[in-house]
Amino acid sequence: MALQPDDLLDARGLPCPLPLLKAKQALARLAPGQLLEVMATDAGSWRDFETFTAQSPHELLEREERGDTYHYWIRKGGEGTS
């Protein structure tokens, strides 16, 4: 999938829960509807991002594992998004 992010967060090498906390900070800087790509090496992030987006207005559009790096594409939810 060729998603074009509005922002890229490199959270590789950060232990749990830092990738998720850094992603929340990055999302706070985006406007609703914008797309954040996150790269992380923490295996727990796979579950963390799934749970976070299920319990928030944000949408996990895609996620994939490339070698030892996990990639997530999260669309910021909120007012003005469909």
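**Close-up views of a predicted model**

**View 1. Strand β4 and its neighbours.** Strand β3 (residues 59–66) runs antiparallel to β4, and 7 bridges join the two. Strands are DSSP runs of E with at least two residues, helices are runs of H or I with at least four, and both are numbered from the N terminus. Two strands pair if DSSP finds at least two bridges between them. Arg66 stands opposite Thr69 in β4. The hairpin of β3 and β4 has 2 residues between the strands, and Gly67 takes a positive phi near 65° there. Strand β2 is also antiparallel to β4, with 6 bridges joining them; Ala40 has Tyr70 in β4 as its bridge partner. Of the 7 residues of β4, 6 are buried, so this strand is largely enclosed by the rest of the structure. Buried means under 20% relative accessible area, exposed means over 50%, and partly exposed lies in between (1.4 Å probe, protein chains only).

The model is predicted: local features need pLDDT of at least 70 and side-chain atom pairs count only at pLDDT 80 or more, whereas totals for chains, interfaces and linings use all residues. Residues are numbered from 1 along each chain as its sequence is written, and side-chain values use heavy atoms, leaving out hydrogens and water.

**View 2. The aromatic cluster.** Ring pairs link Trp46, Phe49, Tyr70 and Tyr72 into a cluster. Rings of Phe, Tyr and Trp (its six-membered ring) pair if their centres lie within 6.5 Å; planes under 30 degrees apart count as stacked, over 60 as edge-to-face and the rest as tilted. The count comes to 3 aromatic pairs. Trp46 and Tyr72 form a tilted pair, 6.1 Å centre to centre with 55° between the planes. Trp46 lies in helix α2 (residues 45–54) and Tyr72 in strand β4 (residues 69–75), so this pair ties together parts 26 residues apart in sequence. Trp46 is partly exposed, at 30% relative accessible area, whereas Tyr72 is buried at 0%. Phe49 and Tyr72 form a stacked pair, 4.4 Å centre to centre with 25° between the planes.

**View 3. The largest nonpolar core.** This core has 15 residues, and Leu9, Ala23 and Phe49 are among those with the most contacts inside it. A nonpolar core is a set of buried Ala, Val, Leu, Ile, Met, Phe, Trp, Tyr and Cys residues joined through side-chain atoms within 4.5 Å. Helix α1 gives the most to this core, with 4 residues. Ala23 touches Leu9, Leu36, Val38 and Phe49 (heavy atoms within 4.5 Å), not counting residues up to four places away in sequence.
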